Amino acid sequence: MYVAVKGGEAAIDAAHALNASDRRGDPATPELTVDQIERQLGLAVDRVMAEGALYDRRLAALAIKQAAGDLVEAIFLIRAYRTTLPRFGASEPVSTAAMQIARRISAIFKDVPGGQFLGPTFDYTHRLLDFSLEGEGAAPEAPGATTTVGPLIPVTTLLQQDGLIEGERPDDATPVGDITRTPPTYPAERDVRLQALARGDEGFLLGLAYSTQRGYGRNHPFAGEIRHGSVEVEIAPPELGFAITIGEVELTECQMVNQFKGSAEQPPQFTRGYGLAFGRGERKAMAMALVERALRARELDEAVTAPAQDEEFVLSHADNVEASGFVQHLKLPHYVDFQAELDVVRRLRDEIEAKKAAE
Amino acid sequence: MSKGYNFAYLDEQSKRMIRRAVLKAVAVPGYQVPFAGREMPLPYGWGTGGIQVTASIIGRDDVLKVIDQGADDTTNAVSIRKFFARTAGVRTTTRTPEASLIQTRHRIPETQLKAGQIIVFQVPIPEPLRWLEPRETATRRMHALGDYGAMHLKLYEDIARYGRVTTAYDFPTLVNGRYLMSPSPIPRLDNPKLDRSPALQLFGAGREKRIYAVPPHTTVKSLDFEDHPFTTERWAQHCARCGAGDSYLDELVIDDRGTRRFVCSDTDYCDTRLAGTGGAR
């Protein structure tokens with residue numbers, strides 16, 4: 001008699017114990033502390049916070065440790081934790097114009113009021129492995145006064161003052177959508193699209209953004225401004241009647257200036273693509289801005305011809321927690337379905353054999 | 001029971017939201033009700049829809065059975081059962097007649113369900129028209145208009161090309177004469193069990209954020225043609241363990257020469273028959 005493969009509870013527990021010991025590795029090597037991850041793997045923490053949709057550096061660092069550096073797994077841990085948190089309310093819109101700026105660059109004007117600040121960046125580094133980092137050394141010194149500046153007027157506001165770029169259209173009358181509380185429906189409005197993109201997978205958005213640059217939904221982008229720094233978060237409790245600051249978050253914002261457009265009533269002006277990410281998620285913010293602009297095709301009466309312009313395609317596949325789960329569910333047993341397929345294929349083959357034999 | 005989490009993991013607000021969707025689904029049999037699916041601590045595609053439905057309707061007195069591919073001891077069934085034992089502290093069972101609530105992936109138990117039982121299906125793709133039309137905007141319109149010609153055409157083309165319908169599992173059904181419904185990837189053998197079942201049948205798709213239902217005693221018809229009636233899987237063999245000739249069989253390759261052995265996919269049915277305590281359909 002056969003022995004069936006039993007996925008007993010003991011086997012699962014043992015697998016998890018094995019995974020935990022693999023994560024820890026050789027006990028002779030000192031254990032990573034959550035502090036070290038939080039402070040020395042800050043960009044990983046940023047990504048986990050952005051796509052995990054929860055601003056908490058400490059929890060993100062813990063998730064990275066628990067996930068043994070698998071960031072998509074860490075993002076999943078954060079999402080599953082986030083969903084259990086009580087929701088007290090929504091903050092006031094944060095003002096990125098009032099940002100305390102650590103980095104601010106514009107690719108469309110050589111000089112902008114307030115100046116350009118390179119700030120911390122990998123840009124212009126030569127990607128040569130620095131073997132001195134193999135050993136432990138003295139902490140690198142920060143150059144001179146690296147304090148933040150601000151507030152600085154957004155470059156797009158300067159363009160808007162001359163009517164050269166479409167105006168932002170704040171609409172306080174319509175409540176902002178919430179993709180965590182309302183199931184997605186299409187067509188999706190811009191608020192909902194922006195939310196989905198903000199938590200969307202960086203790799204997926206990067207690829208889509210790249211595709212627009214290579215002609216699949218081209219929208220002539222210029223990096224109007226990229227700024228990184230911290231902004232205050234305010235809430236207005238109804239019993240107080242005014243807003244109070246509850247903390248600060250670090251953000252990276254990208255305002256793309258895109259393809260101009262005019263009509264019988266409106267002289268030509270540039271259009272906008274917007275990207276925003278927690279921390280120093282600059283690649284993510286830029287990719288998001290390109291895709292965001294591409295997704296405005298319907299709104300701007302452009303032909304929807306490329307994947308990046310197709311909101312149902314982009315929004316339903318951008319979430320890596322969903323994608324990772326569904327792709328990997330193929331690991332689960334499918335013997336019942338496969339047996340059903342075998343049944344069909346065998347019958348088809350039998351019928352063909354029978355036909356051949358009859359001929 | 002786990003500390004720091006609500007009974008059955010979800011907070012009461014979320015449960016209420018899901019129960020509202022379930023009630024609507026029961027009121028409109030076969031219609032896919034959008035719901036604000038929550039992130040669960042298990043991955044999407046691994047039963048989060050079913051888990052959310054179960055979590056929303058489970059009570060302290062419920063007795064839960066969880067199966068995957070018909071078996072109580074497959075890894076994911078073990079994991080989900082453990083999740084509810086941990087977060088809800090409810091009694092669990094492998095015996096189909098003893099369960100008040102059954103969560104399942106890809107099978108309906110061979111033992112006939114009875115009135116008062118609830119079966120919760122885990123659904124990967126709730127939209128039966130998805131392979132014909134990838135857009136939700138388009139498929140919702142097709143459902144609204146009852147425009148299912150595309151599906152009939154697909155079945156017809158199968159017959160024209162292969163001489164038979166080639167959909168092996170997740171075979172499309174028409175519920176209450178109105179909505180086309182995916183029965184989830186159950187084999188065709190299980191489709192007739194959906195029809196006029198005395199149990200309440202709930203379907204949860206977590207990633208796709210849809211819930212639908214077949215209330216007790218509702219007609220569920222597998223699509224077919226008069227001259228090509230719906231057929232189910234058949235085996236030349238009986239179960240090698242319990243000798244059942246009426247159950248869905250798993251095929252096992254037992255040696256390098258490719259020798260096959262067939263046993264019941266429903267482990268409880270097989271064990272019950274072996275113990276000789278009945279369990280006939």
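What percentage of the 281 residues of chain B count as buried? We'll get to that in the last view. This is a predicted model, where local features need pLDDT of at least 70, side-chain atom pairs count only at pLDDT 80 or more, and totals for chains, interfaces and linings use all residues. Residues are numbered from 1 along each chain as its sequence is written, while chains are lettered from A and ligands numbered from 1 in the order in which they are written.

**View 1. Helices H5 and H11 of chain A cross each other.** The axes of H5 (residues 71–82) and H11 (residues 320–328) come within 10 Å and cross at roughly 115°. That makes H5(A) roughly perpendicular to H11(A) (the label covers angles of 65 to 115 degrees). Here A:Val72, A:Ile75, A:Phe76 and A:Arg79 in H5(A) meet A:Asn320, A:Val321 and A:Ser324 in H11(A). Sort the residues of this contact and you get 4 nonpolar, 2 polar and 1 charged.

**View 2. Chain A touches chain B.** Here 37 residues of chain A are in contact with 46 residues of chain B (in contact means C-beta atoms, placed from the backbone, within 7 Å). H12(A) gives the most to chain A's side, with 11 residues. By class, that side has 16 nonpolar, 11 polar and 10 charged residues.

**View 3. Chain B, from outline to interior.** The C-alpha atoms of chain B fill a box of roughly 60 × 50 × 35 Å, taken along the principal axes. And the opening question? In chain B, 50% of the 281 residues count as buried, meaning 20 or more other C-beta atoms lie within 10 Å of the residue's own, with C-beta atoms placed from the backbone.

Key:
Axes fitted to C-alpha atoms, helices over the stretch in contact; angles between N-to-C directions. Helix = DSSP H or I, 4+ residues; strand = E, 2+ residues; numbered from the N terminus. Parallel < 35°, antiparallel > 145°, perpendicular 65-115°, else oblique. Contact = placed C-beta atoms within 7 Å. Nonpolar A, V, L, I, M, F, W, Y, C, P; charged D, E, K, R; others polar. Buried ≥ 20, exposed ≤ 12 C-beta atoms within 10 Å, placed from the backbone.
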